[in-house]
Amino acid sequence: MKKSFLIFIFILIMVGLIHSTAMAQKRGGTLTIARPTDPVALDPALETTAPGAWVYFNILEPLLVLNHDMEITYKLATSYKIISPERVRFTLRKNVKFHDGTPFNAEAVKFTFEKAFKSEPKARWASLAGPIDRVDIIDDYTVDVITKEPYGPILRSMAMCYTGILSPAAVKKMGPDFARSPVGTGPFIFKEWKTNDHITLVRNEDYWGQKAFLDQLVFRVIPEEGARTIALKTGEVDFIIHVAPAEIANFEKDKNFTVHKATGLQVFHIGLNLSKPPLDDVRVRRALAHAVNVDYILKHIMEASATWPRSYVSPGVFGFKDMNLNNMYPYDKGKALALLTEAGWKPGPDKILRKGEEKLTLSHIAARGRYMKDGEVTEAFQAMLKEIGVDVNLQFGEWGSVFTQIRSPKLDHHLFTLAWITTNADGDYSFYNLFHSKGVPPTSWNSYRYNNIKVDNLVEEARATLDPKKREKLYGEVQDILAKDVVILPIYNSNMIYVSRNYVKGFKAHSVEYNLGFGETWLDK
């Protein structure tokens, strides 16, 4: 009797909590988001960086997604089955429509993947998804995704934001214009894009799942972090991306604001172009590693908003191994100079190192505002290299232009500022695409022009095995080699930090920067 009564009371409490939550969630209103830069495009085939993904993640939906616990969950698929090491069968969600009213089905999945893998040039994300060969249609709501060889991370590849399914009818009708007005199945519909000003999305009233609470999302471009902060404090915007680190503690103390955090999967670094002398000399690269005072940057520029980089990928990525970088390359100007002297560089009358008449001058491209404190960190890096006699010719440009140069077949600069996020949290995404010798842009992502046959063999073996322990061991060996070769100069491991007005409810930060979803967000005002 007593037990039954307690169960009854528990049920009443739970029903009450659910009811109160439902009553608390309010429908309506516009959420205005301030971000530092505009996208390159809104078609994943052309845009694989966060400024575009922040927007199209709310418009386009993949078959699978990674939830906030980094677990694979269903989106436009309702189940999957491993048929063979090269074949995965997906059952698709029924009664789903694209924003243009056309049906989502197996044909749309096949069309999306053929557009990415069969067109020329291939989609930018094609190499990131692994050795996908084709999609076979089994029936209207069943497809097989087939790889050219066994591929361990296939399910995580299907959960990347880039693999959102496109409306075939809209792509065919709009052609190149689709990149500026995408059509998907997501909780929000594209409305307008005014370049370098704002992008507006509206609620999808025919959404197959729980409809969004917000009427509109407005993504505004405000390049300067100080201006974004002021816009939030004055109520001009409701939510900001890339918060000034010095302001985070103040926002946390102020009841008018909410700070949203998640441990990120992004490593901010200085990229080295190993094909351009003198960076083809590992002694020079190791010298640069010793010249960078990471502790100073973390303490005085990032101000506790980031953490020490322990590898070329973050600890949340499968295959991560602590590369012991802070012990291998501690900040040591004396060691840096000794290595440069060993490589034949001697101080000139202007204190810049020389080899004969040749000055040790390195060209460096970077953007401001794409990543947290990217401009300030890049300038600090320039100053640190000057202290050891290395002249850095630093050129800042608009993000789209800088990214295009980094991704070009011929990179004319020695250095570039970049951050790499492993969007599917699997080591193959980074180690194969960034460091395999055949992965030179634009077909893949080895902008460093790194070439090591042993690394090639290790990453090829790792992606082809389905044994997680073996894959982990192989990636550990890769990181040991990379640490000795010095391919990049990791500066910090990002945290995902956003700040909103306190009336913004239901938002939860995701470890994958690109997965910025607002389908469950609502305004309590």
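Which backbone nitrogen does a side-chain oxygen of E398 reach at the start of α13? In this predicted model, that oxygen comes to within 3.0 Å of the backbone nitrogen of G400. Helix α13 itself runs over residues 399-406, and its buried residues are W399, G400, V402, F403 and I406. They span an arc of only 165 degrees around the axis, so they sit on the same side of α13. There is a simple background to this kind of pattern: an α-helix has 3.6 residues a turn, so residues three or four places apart point the same way. As for what lies over the buried residues of α13, the cover includes α2 (50-56) along with the strands β17 (361-367), β18 (391-397) and β19 (415-421).

Helix α8 (residues 282-291) is mostly covered, with seven of its ten residues buried. Those seven are V284, R285, A287, L288, A289, H290 and A291. The N-terminal end of α8 has a cap too: D281 places a side-chain oxygen 2.9 Å from the backbone nitrogen of R283. Another helix, α6 (residues 225-234), holds T229. With a relative accessible area of 5%, T229 is buried, because anything under 20% counts as buried. Leaving aside residues up to four places away in sequence, T229 touches I240, A244, E247 and F251.

Most residues other than glycine have a negative phi, and most peptide bonds are trans. Two peptide bonds go the other way here. The bond from E120 to P121 is cis, with omega near -5 degrees, and P121 sits in the loop between α3 (106-117) and β6 (132-139). The bond from P277 to P278 is cis as well, with omega near 5 degrees. P278 belongs to the loop that runs between β12 (257-272) and α8.

Two lysines have a positive phi. For K351 the angle is about 75 degrees, although K351 is not a glycine. For K373, also a residue other than glycine, phi is near 55 degrees. K351 is in the loop between β14 (346-347) and β15 (353-355), while K373 is in the loop between β17 and α12 (374-386). Are these two lysines buried or exposed? K351 is exposed, with a relative accessible area of 67%. K373, on the other hand, is buried, at 14%.

Next come the charged pairs. Side chains of opposite charge can pair when their charged atoms come close. The count for this model comes to 30 salt bridges. One of them joins D144 and R87, whose side chains meet at 2.7 Å, N to O. D144 is part of strand β7 (residues 142-147) and R87 is part of strand β5 (residues 87-92), so this pair ties together parts that are 57 residues apart in sequence.

K261 counts as partly exposed at 48%, and so does E252 at 46%. Salt bridges can also share partners, and in this way R87, R89, D133, R134, D136 and D144 are joined into one network.

Finally, the surface. Which residues form a nonpolar patch there? The patch is made up of I72, Y74, Y80 and I82, which together have about 340 Å² of accessible area. The elements that give two or more residues to this patch are β3 (72-74) and β4 (77-84). Y80 has its place in strand β4. At 33% relative accessibility, Y80 counts as partly exposed, and a residue needs over 30% to be part of a patch, which is why Y80 can be included.

Methods
Residues numbered from 1 in each chain as written. Predicted model: local features only at pLDDT ≥ 70, side-chain atom pairs only at ≥ 80, totals over all residues. Heavy atoms only, no water. Patch = residues over 30% accessible without salt bridge, like charges linked within 9 Å, V, L, I, M, F, W, Y side chains within 5 Å. Areas by Shrake-Rupley, 256 points an atom, 1.4 Å probe, with all protein chains shown as cover. Salt bridge = Lys/Arg side-chain N within 4 Å of Asp/Glu carboxyl O. Helix = DSSP H or I, 4+ residues; strand = E, 2+ residues; numbered from the N terminus. Buried < 20%, exposed > 50% of the residue type's maximum accessible area, 1.4 Å probe, protein only. Arc of directions from axis to C-beta. Contact = heavy atoms within 4.5 Å. Polar contact = N/O pair within 3.5 Å; in protein donor to acceptor, adjacent residues only side chain to side chain.
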